[in-house]
Amino acid sequence: MKKISILFSLLVVALAGLSLAACSNDDLNTDQYDNGGVTLGAFGPSPVLRGGTLYFFGTHLDRVTSVVLPGQANPVTDIKVEQGGSHSKISILVPAEGGEPGYVTLKANDGTELTTKSKLTFREDISISKVYIGTEGTLTGEVGDLLVFEGDYLNLMNGVKFENGFIVSDLEEHTRYKLSVRIPKEAGSGTVTLTDLVEDTPTELQAEETITIKLPEVTAAAQTKKAGQTVTITGNRLTQIETVQLAGGVFVNSDELTYAENGSSLSFTLPEAAADGAITLITYSGQKIAAGTLTTVTPSNLAVVGKVKNGLQMVVTGTDMQLVKSVTFAPEVAYDAKDGITIEAGKVTIKKVPEAAVDGNLTLFMQNGKSTTVAYTLVKPAATSADPATLTAGNETVIYGTNLDLVAAITFPGESPVTVEAKNFAAQEAEGIQVTVPAACAGTGFTLIMKNGTEVPVSGILTIKAASDPAISEAPTGAVAGTVITVKGKNFNNLANLYVGTHKVTRYSSKSNTEMTFKVPQAPVGDYKFVLEDYDGNKFDGPAFSILPAEIDIASFSKWEDQSANITYPFTLSWSDSKGKVRIMRSGLQALNLKQGVSKLIFYKDPSTSGQIQLNNANWGNPITDADLTDWGQGKSKVETVFTADMMKCVNGEIADGWSDTAFIIQGDGMSITKITILP
């Protein structure tokens, strides 16, 4: 059995239970005024534990450099000054081994030697002679059994620490010769140690023997359950289980577990988030025990009820449908529960099939991420007739059929097929679409384009005769006045004049029967239509066209960072050189009628250079975080950013430096800038 010296941190000034030994009269200074010398008044405790703390009281004991203990060959020089001066206190640790009763001598740095009048005596060591569980000789037991220590001075120890660090202070028996505790469920097998429970430096005495605490025994099994059902695990000693760990990072804690009184079973309600995988039991002592596997139930026997149509209700029946938490349509179109979904034990009702959904599988997801699918086929639009069935391009027809409300556009044939979007239909219902066939079209049939992008070819019900009227089939949607653009179409030889709104095109670069290149007339910025006029004065509407604002060079209202002069091109952006930084002035920007989210700041650059552009406000703060302003690679000829809310605050003066007209400061690294413009 083990025997060990124990360290006791005793507060010597607390006289209760503390033996302070007196010193010789010569050593004891009773003068109420300090004479400046080193004196010894008292010491203790005596008897002292080997390895324990010994205190000395007096005046100017902080000058003591060594303490000679009886029976020790070497003096103690590791002295702790608890308090210095005229009311001083020092302490030493008594060596754990050696020493004998006798007088103690203190030596000061001025040569003074002080010897105690009374002898120092020692206390015997605490020892453990036996350890057992229940009955002598037994080292294996269960939670709740009595763990017994026998030895000497065990009354000085106040707790038992187990291998896993758990400490029990509720002692069953606590005498000099015997100490016992009930084994708690938190205790771990292995070493056992007695402790005096002192907070900072506890004295501990470890027994030589190790103990074994019987763990729960489990009848491991594979189980198939659905969320909300009861999972039961059988075995022995299951009251030791604190937590059940399930796949998917799910834990069921003790307050959610139901135990059999004899520990033969525990049960819990299966959480919705639990996934397929291992069941692991975790004891209060931290041991993990495998308890089989879990397979969660998914909805089965799935069937789609009736026809499925974009925008309308969809019903799916099956078993265990209440497990469903969300659904996804093909191709990965998530269904927003705000649009309405009802989940019941036998069916899931989706209020509105998304317009973007296409043929494929409806995926049903459970809370634990597991899923199952059921195939569906969407209703398609069908065109059965047209009135008139034969017409000249440029005229109107009505297409009859079913589910035509699903149509987002119709593409009519021609040398360059033309697509008419639903917003340009004269009328649209499920049974019919009234639409003008573009003048540039010719041929038979057409293609219905659904809102989900699915194309439905239709043949045989419409014949389109080529019109002799001029018509545009392909054109830009917009351009800056004065720029050159090209449009394509047919019968341009019959074209006398071309207008953008009411503004006549006068300068052509080239013109054939199917293609024209010309300069956009000087019309105000805005939205127009092309208008074609034949030689008889008849006018025909063409596609929409916008006159766009022109880019404005900032050079006229920008200065170098030091404001010495207006900027000139080209220049290389810099973080430090004032001729590599640009101030854009607020007054120049305010005259442009800029719009947040519309207007653009554009940097033209030498494509062979690379680097970074940073846009700061007048206070050198950064008003935007636009990734497009970083161009670490070569090859780009320009980078641009749309005006943000913070940029507009700089333009309007809400963010300003208080002394200059600066709206922005542009700086950066590496890129050779050939021009900076603004597109209002």
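Mentor: In this predicted model, residues 24 or more positions apart account for 62% of the contacts with a separation of 6 or more, a contact being heavy atoms within 4.5 Å. Because the model is predicted, local features need a pLDDT of at least 70 and side-chain atom pairs count only at pLDDT 80 or more, whereas totals for chains, interfaces and linings use all residues. Residues are numbered from 1 along each chain as its sequence is written, and side-chain values use heavy atoms, with hydrogens and water left out.

The protein contains two helices and 65 strands; these are DSSP runs numbered from the N terminus, helices being H or I of at least four residues and strands E of at least two. Its C-alpha trace spans about 140 × 80 × 40 Å along the principal axes. Of its 680 residues, 45% count as buried, that is, under 20% relative accessible area with a 1.4 Å probe and protein chains only, while exposed means over 50% and partly exposed lies in between.

The part to examine is the largest nonpolar core, which has 30 residues; I584, L589, L601, F643, F664 and I666 have the most contacts inside it. Two or more residues each come from β59 (582-585), β60 (600-605), β61 (611-617), α2 (645-652), β64 (662-669) and β65 (672-679). The largest share, four residues, is that of α2. Such a core is a set of buried Ala, Val, Leu, Ile, Met, Phe, Trp, Tyr and Cys residues joined through side-chain atoms within 4.5 Å.

I584 shows how this packing draws on several stretches of sequence. Not counting residues up to four places away, I584 touches I554, F557, S558, L589, L601, D661, T662, A663, F664 and I666.

An α-helix has 3.6 residues a turn, so residues three or four places apart point the same way. After α2 comes G653, which has a positive phi, near 85°.

Aromatic pairs complete the context. The whole structure holds 10 of them, where rings of Phe, Tyr and Trp (its six-membered ring) pair if their centres lie within 6.5 Å, and planes under 30 degrees apart count as stacked, over 60 as edge-to-face and the rest as tilted. F412 and F446 form a tilted pair, since their ring centres are 6.0 Å apart and their planes stand at 50°. F412 belongs to strand β41 (residues 407-412) and F446 to strand β45 (residues 443-450), so this pair ties together parts 34 residues apart in sequence. Both F412 and F446 are buried. Another tilted pair, F530 and F545, has 4.8 Å centre to centre and 40° between the planes. F530 is in strand β54 (residues 526-534) and F545 in strand β55 (residues 539-548), 15 residues apart. F530 and F545 are likewise buried, and together with Y508 and F518 they form one aromatic cluster.
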